Amino acid sequence: MTAIIIIVAVIVLLVLMCISIYNSLVKLRNNRENAFANIDVQLKQRHDLIPQLVATVKGYAQHEKELLTRVTEARAAAMSATGINDKIQAENQLSSALAGLKVSLEAYPDLKANQNFLQLQNEISDIENKLAATRRYFNTATRELNNKVQTFPSNILAGMFGFQKEPMFEVPREERATYDKAPEISF
């Protein structure tokens, strides 16, 4: 009789442990999705500002048509992306296109003095700062989920229920060199 009670207690304990692990995996996945929803809000604001920026720049930089087209196409691709991983890839391409636009615009002193352009540039800069903060939060949530998915014993249940390691929202390798380089300041 005592052996049966011990066996039942062990089974109940194992079931409770499995329920706890599964619930924590679901909470971490939901936290990651919520973090990406916060990024989505900032991305929507950025997508709304880009046509205004492109229209302002067009008047000054007629020969930069290819670059402006690339920014517009990257914005369209980012807006039509579905799923977190597709959006991450599309947004990295848009960030790359915007970085190319910023570099190209340094050659236009009249444009840099234009009030509309300055206001748009400040708004986009503000959104980029907010995006950086929300990306950090997203990456923290992703790291926590990935740790849980990959560590024992939760990795057993994660595999059984289809939880998997998720990608971070990282700066693409091509752009990393740009961010690692110190800015040039001239007077």
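Mentor: A residue is called buried under 20% relative accessible area, exposed over 50%, and partly exposed in between (1.4 Å probe, protein chains only). The model is predicted: local features need pLDDT of at least 70, side-chain atom pairs count only at pLDDT 80 or more, and totals for chains, interfaces and linings use all residues. Residues are numbered from 1 along each chain as its sequence is written, and side-chain values use heavy atoms, with hydrogens and water left out.

Trainee: Are F36 and F138 buried or exposed?

Mentor: F36 lies in helix α1 and F138 in helix α5, 102 residues apart. Helices are DSSP runs (H or I, at least four residues; strands are E, at least two), numbered from the N terminus. Under the accessibility cut-off, both F36 and F138 are buried.

Trainee: Which geometry class do the rings of F36 and F138 fall into?

Mentor: Rings of Phe, Tyr and Trp (its six-membered ring) pair if their centres lie within 6.5 Å; planes under 30 degrees apart count as stacked, over 60 as edge-to-face and the rest as tilted. The ring centres of F36 and F138 are 5.5 Å apart and the planes stand at 65°, so the pair is edge-to-face.

Trainee: How many aromatic pairs does a search of the whole structure find?

Mentor: One of the pairs is Y22 with F163, edge-to-face at 6.0 Å centre to centre and 75° between the planes. Ring pairs also link Y22, F161 and F163 into a cluster. The search of the whole structure gives a count of five.

Trainee: How many residues apart in sequence are the parts that Y22 and F163 tie together?

Mentor: Y22 is partly exposed at a relative accessible area of 31%, whereas F163 is buried at 9%. Y22 belongs to helix α1 and F163 to the loop between α6 (154–160) and α7 (173–180), so the separation of the parts they tie together, in residues, is 141.

Trainee: How many salt bridges does the structure hold?

Mentor: A salt bridge is a side-chain nitrogen of Lys or Arg within 4 Å of a carboxyl oxygen of Asp or Glu. One of them joins D48 and K44 at 2.9 Å, N to O. In the whole structure the number is six.

Trainee: Which helix holds both D48 and K44?

Mentor: D48 is partly exposed at 36% relative accessible area, and K44 is partly exposed at 45%. The two residues are four apart, about one turn of the helix, within residues 2–58 of helix α1.

Trainee: How far apart are the closest N and O atoms of K130 and D126?

Mentor: K130 and D126 sit four residues apart, about one turn, in helix α5 (residues 115–150). K130 is partly exposed at 37%, as is D126 at 37%. Their salt bridge has a closest N to O distance of 3.3 Å.
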